[in-house]
Structure formats: structure tokens, C-alpha cells
Amino acid sequence: MTNNDVLRSVRYMLNLSDAQVVAILALAETEVSEAEVHSFLKKEDEPGYRDCPDVIMGYFLNGLIFQRRGKSEEAPAPSIERKMTNNIIMKKLRVAFDLKTTDILEILKLADFAVGQSEIGAIFRKPGHKNYRECGDQILRNFLKGLTQKIRPAVKAK
């Protein structure tokens, strides 16, 4: 999935305005204008569309963690990855929404997507680990769809 797809999904899921997305980015100590955010949220074929850089996605997900869980003075801020992968996005969303593996399995079931617990565990392993598995677009897309259904139950996910 592209960073723009993830940003649109999370924005819809949490019913965020462009200004709220800017505020979440500010929590991670980065400045992005509302106009830039608006260009990231456009569809690929719309005029004014811009790709959301990996660094901005990293700041957004860290800001989301700070917004939902609070900023800890004792713990260092999560690192900003220069190259975002579906695995990193899943990890940061898991932290932001305080989810366990069983919660993730339930969320995927909401999207009618069955996957085993060991598969989910493999996604959260470090690259290079013998059981590491890359998170495919299908898993991330269904995870976002299920999470939207959990957070906004009255609204069917797009």
C-alpha cells in the first residue's frame, strides 16, 4: 500500500480533519501545512496529488502514537524510518492502538480475512529473523478495513 492510502484510511477511520492531521504531525515535532496534507489525501488521478514521503508517514504514525498513548519523558521517541514498509506501519499502528496479536486476529476477522497467529507474529519479527515475514498489501489493507469497522462500527469501511 502507498503511504497516501494508509494516510487516507487512518484519517477516515478516526474522522480527522486536515488540521487534525497537521496537529498529529506537530506532536512528532514536524511541520507540514494543511495544503500539503490535502495534496497527500487526494487520489492519484486528481490534480494537485503528491506522494506522501516515507519520512512524513513515519512522523504521522509517531504523532498518532503520542496522541493516543501520550508522550513518555522516560522512553525515547520511536525512530523515524527513512524507508517505510507495511511491517513498520503495522507495528506502529499496533502500538498506537495498544493491540495484542489476538486483537489483530479479531480485527482481521471483522474484515473477513482469516490469518493464523503465527503469521501475525512473523510480521512483527525483526528482518533477518528466521521466522520474519513481509506484510503484504492485502493483510495491511484488511487490517485497516477491520480496524475502521471496530472504531466506527456504524459506518461500513470503504
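Visitor: What separates Arg8 and Asp5 in helix α1 by about one helical turn?

Guide: Arg8 and Asp5 are 3 residues apart in helix α1, and therefore about one helical turn lies between them; helices here are DSSP runs of H or I with at least four residues, numbered from the N terminus. This is a predicted model, in which local features need pLDDT of at least 70 and side-chain atom pairs count only at pLDDT 80 or more, while totals for chains, interfaces and linings use all residues. Residues are numbered from 1 along each chain as its sequence is written, and side-chain values use heavy atoms, with hydrogens and water left out.

Visitor: What makes Arg8 and Asp5 a salt bridge?

Guide: A salt bridge requires a side-chain nitrogen of Lys or Arg within 4 Å of a carboxyl oxygen of Asp or Glu. The closest N and O atoms of Arg8 and Asp5 are 2.6 Å apart, so the pair qualifies. By this rule the count comes to 6 salt bridges.

Visitor: Why is Arg8 called buried, and why is Asp5 called partly exposed?

Guide: Buried means under 20% relative accessible area, exposed means over 50%, and partly exposed covers what lies in between, with a 1.4 Å probe and protein chains only. Arg8 has a relative accessible area of 15% and is therefore buried, whereas Asp5, with 21%, is partly exposed.

Visitor: Which residue of the loop between α3 and α4 pairs with Arg8, and what does the pair tie together?

Guide: The partner is Glu44, whose closest N and O atoms with Arg8 are 3.6 Å apart. Glu44 lies in the loop between α3 (34–41) and α4 (54–69) and Arg8 in helix α1, so the pair ties together parts that are 36 residues apart in sequence.

Visitor: Why are α6 and α8 called roughly perpendicular?

Guide: Axes are lines fitted to C-alpha atoms, for helices over the stretch in contact, with angles running from 0 to 180 degrees between N-to-C directions. Angles under 35 degrees count as roughly parallel, over 145 as roughly antiparallel, 65 to 115 as roughly perpendicular and the rest as oblique. The axes of α6 and α8 come within 7 Å and cross at roughly 90°, and the two helices are therefore roughly perpendicular to each other.
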